Amino acid sequence: MMVRLAKYLMVVVTVFGLMACAQQLGRQADGGMTGTGSPMVTIGTVTKFGSVIVNGFDWNSDKARVVVNGRATSVAKGLRLGMIVRVEGTRAVDGENSGVANTIQYESDLIGPMNRASLRTEGLVTKFSVAGQPIFVDRSTVLEGFDQLTTLGEGDQLEISGFRDRFYALRATWIRKTSDERDQIRVKGVASDVTDKSFKVEGLTVRYPKELAVRAAGIREGTFVAVSGKRVAGEDMTVLADGMTPVSVAVSLPEDTPVIMEGLIKSVTPAGFTMHNRPIIIGSATSFAQGSVADLREDTKVHVIGRFKSGAFDAFKVIVAKQVN
């Protein structure tokens, strides 16, 4: 009974924390963004429904095209709290942090079997591996289909959404236990030990048939790659690829369009920092909330509000996300 009560209270605190963060973002999202009906993009975690709220921006999704893992769907059927999505649409009116969504896109970062023996908890963070990929979980991670990581079994199929840290490990924001795509594996990561027949992505060995050899020729040591395929029976963490594509680690951003973007700091630079492999420029006009320049460290989660111009993101405002204890 006490365990259930503690878990309930923790969930309530987490939800109210997310709502408070969303309200804070909503009040401060103007930062130089004006124009009734102007284009707007938000990239971040879904924190609330009714409409769809991402990074404190309230999107009317009634007529939005929703795409989940490449398939058209609806908000109700396809989206979940904790998923990281990209929303493109138009801002409603000046001074308001709401708009009409044209498209909402979600793509899973990882689908594959859990390694139960890898489960380790240190302090407030739990680490384990899925399809050979390191996963980090904290109390803000939304769990769907199960209550605790310890209730999962060896080989349980999981779908995960999250942010990449500076080592490209996945910091999960949402994990779902699923019976879908059994024995299927989808991963993204850095290729290593590349040969003419296989390569590795962390602890996963990727083999590919001859018909994919031409595509494999574009994969080099250190290439960030997306792989899909079927797990090879009887072999420890080996997948026979039916698709593999080099992908950019830099998030795609529209030129000179207001963007609210959430993520983890990869590195701190003299001009600001990098996030999603894009340089974030901090100038004298950049304002801060819930922190300051001194709080900008590797793997710190931040929300950035600004515009992308000529290969760099000019930050109007940086909001340092509060840690969930």
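A residue is called buried when its relative accessible area is under 20%, exposed when that area is over 50%, and partly exposed in between, as computed with a 1.4 Å probe on protein chains only. By this criterion Val318 is buried, with a relative accessible area of 0%. The model is a predicted one, in which local features need pLDDT of at least 70 and side-chain atom pairs count only at pLDDT 80 or more, whereas totals for chains, interfaces and linings use all residues. Residues are numbered from 1 along each chain as its sequence is written, and side-chain values use heavy atoms, with hydrogens and water left out.

Val318 is located in strand S24, where strands (E, at least two residues) and helices (H or I, at least four) are DSSP runs numbered from the N terminus. Leaving aside residues up to four places away in sequence, Val318 touches Phe273, Thr286, Ser287, Phe288, Ala289, Leu296, Val302 and His303, contact being defined as heavy atoms within 4.5 Å. The C-alpha atom of Val318 is separated by 9.8 Å from that of Ile280, which is 38 residues away along the chain.

Ile280 belongs to strand S21 (residues 278-281), in which Arg278 and Ile280 form the covered face, while Pro279 and Ile281 form the uncovered one. Two strands are taken to pair if DSSP finds at least two bridges between them. Strand S20 (residues 272-275) runs antiparallel to S21 and is joined to it by 4 bridges, with Ile280 as the bridge partner of Phe273. In the hairpin of these two strands, which has 2 residues between them, His276 takes a positive phi near 55 degrees. S21 also pairs in the parallel sense with S24 (residues 312-320), over 2 bridges, and here Ile281 stands opposite Asp314.

A search of the whole structure finds 4 aromatic pairs, for which rings of Phe, Tyr and Trp (its six-membered ring) must have centres within 6.5 Å, planes under 30 degrees apart counting as stacked, over 60 as edge-to-face and the rest as tilted. One of these is tilted because the rings of Phe57 and Trp59 have their centres 4.6 Å apart and their planes at 50 degrees; Phe57 and Trp59 are both buried. The pair of Tyr168 and Phe224 is likewise tilted, since the ring centres lie 5.7 Å apart and the planes stand at 40 degrees. Tyr168 lies in the loop between strand S12 (157-164) and strand S13 (170-177) and Phe224 in strand S17 (residues 224-231), so this pair ties together parts that are 56 residues apart in sequence. Tyr168 is partly exposed, with a relative accessible area of 23%, whereas Phe224 is buried, at 11%.
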